[in-house]
Amino acid sequence: MRLGIVELYCGTSGQKGFYTSQELGLARAMEPLGYEPVVFYPGKGLTVPEEELTPDGIAVVRVPAKAVGVHGRYDWNILLEYGVEAIQIGSDNQIFAPELIRFCDKNGIRVYNYLGTVGSDTGNPLKALLMGLLYRRNLRAFRTHKCFAKTPVVARRLAQLGVPDVE
């Protein structure tokens, strides 16, 4: 099965030379289990997708992206071009996560969310309010798709927020 590991965060993760990212680590772990992983990163400033193979043969694709702060949006059709059958999305507070999930649902691509946090831990009250609004919006998608939590604390909190399928 072709598994897309989709990153939306437009920060330092996924930049060339950073091959110890958690997305790449997951890809390396999934390959021996029979999956064919492809890691997708938003590439601010790119005009065409760039694919590169890691030394161990994992495809890393940087896709031209627009960014709102650290929130990346790109042409989701790249998933269809690569024949992706399922995606893992690090969705947390990402603005464009629900849009990506709707695209996948429409196109028969299975989705599961990987969540490392619930809400925001910023000390900035305005940013905390905005991130809280985004998280509540994203909760609707989390409630209808499989979720994996990074820690037991996050799993318990998601369950308290009504997410039925969380591990």
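Good morning. I begin with a pair of charged side chains: E99 and R73 form a salt bridge, with their closest N and O atoms 2.5 Å apart. E99 is partly exposed, at a relative accessible area of 22%. R73 is also given as partly exposed, at 32%. Please keep in mind throughout that the model is predicted.

How many salt bridges does the structure hold? The number is six, and I shall discuss some of them.

Let us turn to E52 and R62. Their side chains meet in a salt bridge, with 3.4 Å from N to O. Is R62 buried or exposed? R62 is buried, because its relative accessible area is 8% and the term applies to values under 20%. E52, by contrast, is partly exposed, with a value of 24%. The side chains of R62 and E52 are also joined by a polar contact of 3.4 Å.

The next salt bridge joins K146 and E167, whose closest N and O atoms are 2.6 Å apart. Where do these two residues lie? K146 is in strand β8, residues 146-149, whereas E167 is in the segment after α5, the helix of residues 152-160. They are 21 residues apart, and the pair again links distant parts of the chain. E167 is exposed, with a relative accessible area of 54%. There is a further partner to name here: K146, D165 and E167 are linked in a network of salt bridges.

Since helix α5 has just been mentioned, let us look at how its residues are arranged. Which residues of α5 are buried? They are V154, A155 and L158. These three cover an arc of only 100° around the axis, and therefore they lie on the same side of α5. An α-helix has 3.6 residues a turn, so residues three or four places apart point the same way. On the face of α5 turned away from the buried side, we find the exposed residues P152, V153, R156 and Q160.

L126, L129, L130 and L133 make a nonpolar surface patch of about 390 Å². One of these residues, L129, is placed in helix α4, which spans residues 125-142. L129 counts as partly exposed, with a relative accessibility of 48%.

The cysteines are my next topic. A disulfide is a covalent bond between the sulfur atoms of two cysteines. How many disulfides does a search of the whole structure find? The search finds zero. C10, for instance, is in no disulfide, and the nearest cysteine sulfur, which belongs to C104, is 17 Å away. C10 counts as buried, at 8% relative accessibility. C147 is likewise in no disulfide; its nearest cysteine sulfur is that of C104, at 14 Å. Why does C147 count as buried? The reason is its relative accessible area of 0%, because buried means under 20%.

Q88 counts as buried, with 10% relative accessibility. The side chain of Q88 is joined to that of Y112 by a polar contact of 3.3 Å.

The other residue is Y35, found in the loop between α1, residues 22-30, and β2, residues 36-44. Y35 is partly exposed, with a relative accessible area of 30%. How far apart are Y35 and M1 in sequence and in space? In sequence they are 34 residues apart, and in space their C-alpha atoms are 5.1 Å apart.

Let me close with a brief review. The structure holds six salt bridges, among them the one between E99 and R73 with which I began. The buried residues V154, A155 and L158 belong to α5, and L126, L129, L130 and L133 make a nonpolar surface patch. Finally, the search of the whole structure finds zero disulfides. Thank you for your attention.

Conventions
Residues are numbered from 1 along each chain as its sequence is written. This is a predicted model: local features need pLDDT of at least 70, side-chain atom pairs count only at pLDDT 80 or more; totals for chains, interfaces and linings use all residues. Side-chain values use heavy atoms; hydrogens and water are left out. A salt bridge is a side-chain nitrogen of Lys or Arg within 4 Å of a carboxyl oxygen of Asp or Glu. Buried means under 20% relative accessible area, exposed over 50%, partly exposed in between (1.4 Å probe, protein chains only). Helices (H or I, at least four residues) and strands (E, at least two) are DSSP runs, numbered from the N terminus. Patches are made of residues with over 30% relative accessible area and no salt bridge: like charges are joined within 9 Å, nonpolar side chains (Val, Leu, Ile, Met, Phe, Trp, Tyr) within 5 Å. Accessible areas come from the Shrake-Rupley method with a 1.4 Å probe; for residues, only the protein chains shown count as cover. A disulfide is a pair of cysteine sulfur atoms within 2.5 Å. A polar contact is a pair of N or O atoms within 3.5 Å; within protein, one must be able to donate a hydrogen and the other to accept it, and residues adjacent in sequence count only if both atoms are side-chain atoms. The arc is that of the directions from the helix axis to the C-beta atoms.
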